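User: I have a structure open here and I'm new to it. Can we go through it bit by bit?

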Amino acid sequence: MSPDESYMSQALAEAKLAFARGDVPVGAVLVRNGDILGRGSNVKTIDPTAHAEIQAIRMAAESVNSWNLSGCDLYVTLEPCVMCAGACVNARIRNIVFGAKDPKAGASGSLYDIARDVRLNHRCAVRGGVMEAACAELLIKYFRLRRAAGEK
């Protein structure tokens, strides 16, 4: 198993925790020099920033006592949205590695490309498709169950 797959497996474990809670199954881990500094999963709450990436970024920033997360790599099961890609840029994250693409809201190459926008003062390298099938499968299962239950 490659390092990318190993860390994505950790992010997928976070996504499975969210699934078990009935939350949208997205998980993230933030890594620096082989150490996981932050973990997160989507949380249903009144807080619109309660995305997996934001949870992991907050935990990592607290862990290193700094907003500057240079040298860190974010592994997330779904391509980051505009908010999360912007947070990665602002936190100076080095790499965003994601599993499944998000053609409706992805901001790291699909719909937008905020993470690599040359007009910004920092850019993140982006790699997608790591364990894509496993990441997508969990999301598909979640939304099928919601539709079957009559939820939107």
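User: Let's begin with Ser 9. Is Ser 9 buried, partly exposed or exposed?
Analyst: Ser 9 counts as partly exposed, because its relative accessibility is 26%. Keep in mind that this is a predicted model.

User: And where is Ser 9 found?
Analyst: Ser 9 is found in helix H1.

User: How far is Tyr 7 from Val 97?
Analyst: Their C-alpha atoms are separated by 9.4 Å. Along the chain, Tyr 7 and Val 97 are 90 residues apart.

User: Switching to charges. How many salt bridges are there?
Analyst: The count comes to 6 salt bridges. In general, side chains of opposite charge can pair when their charged atoms come close.

User: Which residue does Arg 127 pair with?
Analyst: Arg 127 forms a salt bridge with Asp 4, and the closest N and O atoms are 3.1 Å apart. Arg 127 lies in strand E5 (residues 125-127) and Asp 4 in helix H1 (residues 3-21), so this pair ties together parts that are 123 residues apart in sequence.

User: Are those two buried or exposed?
Analyst: Arg 127 is partly exposed, with a relative accessible area of 35%. Asp 4 counts as buried because its relative accessibility is 18%.

User: Which residue does Asp 23 meet in a salt bridge?
Analyst: The side chain of Asp 23 meets that of Arg 21, at 2.9 Å from N to O. Asp 23 counts as buried at 7% relative accessibility, whereas Arg 21 is partly exposed with a relative accessible area of 45%.

User: And what does Arg 119 bridge to?
Analyst: Arg 119 forms a salt bridge with Asp 117, where the closest N and O atoms are 2.5 Å apart. Arg 119 counts as exposed, because its relative accessibility is 72%. Asp 117 counts as buried at 17%.

User: OK, helices now. How do H2 and H3 cross?
Analyst: The axes of helix H2 (residues 52-64) and H3 come within 9 Å and cross at roughly 25°. That makes H2 roughly parallel to H3, because angles under 35 degrees count as roughly parallel.

User: Left-handed or right-handed?
Analyst: The crossing of H2 and H3 is left-handed.

User: Where does Ala 85 sit?
Analyst: Ala 85 is in helix H3. Ala 85 is buried, as its relative accessible area is 0%.

User: How far is Ala 85 from Ser 70?
Analyst: Ala 85 and Ser 70 are 15 residues apart in sequence and, C-alpha to C-alpha, 15 Å apart in space.

User: Which residues form the nonpolar patch on the surface?
Analyst: Val 82, Leu 111 and Tyr 112 form that patch, and together they have about 270 Å² of accessible area.

User: Where is the place of Val 82?
Analyst: Val 82 belongs to helix H3, which covers residues 82-90. Val 82 counts as partly exposed because its relative accessibility is 39%.

User: Last topic, the backbone. What is the phi of Asn 65?
Analyst: Asn 65 has a positive phi of about 55°, although Asn 65 is not a glycine.

User: Where does Asn 65 lie, and is it buried or exposed?
Analyst: Asn 65 lies in the loop between H2 and strand E3 (73-78). Asn 65 counts as exposed, because its relative accessibility is 73%, and the cut-off for exposed is over 50%.

User: What about the phi of Arg 92?
Analyst: Phi of Arg 92 is near 65°, a positive value in a residue other than glycine. Arg 92 lies in the loop between H3 and strand E4 (95-100).

User: Why does Arg 92 count as partly exposed?
Analyst: Arg 92 counts as partly exposed because its relative accessibility is 21%, and buried would mean under 20%.

Technical notes
Residues are numbered from 1 along each chain as its sequence is written. This is a predicted model: local features need pLDDT of at least 70, side-chain atom pairs count only at pLDDT 80 or more; totals for chains, interfaces and linings use all residues. Side-chain values use heavy atoms; hydrogens and water are left out. Patches are made of residues with over 30% relative accessible area and no salt bridge: like charges are joined within 9 Å, nonpolar side chains (Val, Leu, Ile, Met, Phe, Trp, Tyr) within 5 Å. Accessible areas come from the Shrake-Rupley method with a 1.4 Å probe; for residues, only the protein chains shown count as cover. A salt bridge is a side-chain nitrogen of Lys or Arg within 4 Å of a carboxyl oxygen of Asp or Glu. Helices (H or I, at least four residues) and strands (E, at least two) are DSSP runs, numbered from the N terminus. Buried means under 20% relative accessible area, exposed over 50%, partly exposed in between (1.4 Å probe, protein chains only). Axes are lines fitted to C-alpha atoms, for helices over the stretch in contact, and angles run from 0 to 180 degrees between N-to-C directions. Angles under 35 degrees count as roughly parallel, over 145 as roughly antiparallel, 65 to 115 as roughly perpendicular and the rest as oblique. A crossing is left-handed if the near helix is turned anticlockwise from the far one by less than a right angle, and right-handed if clockwise.
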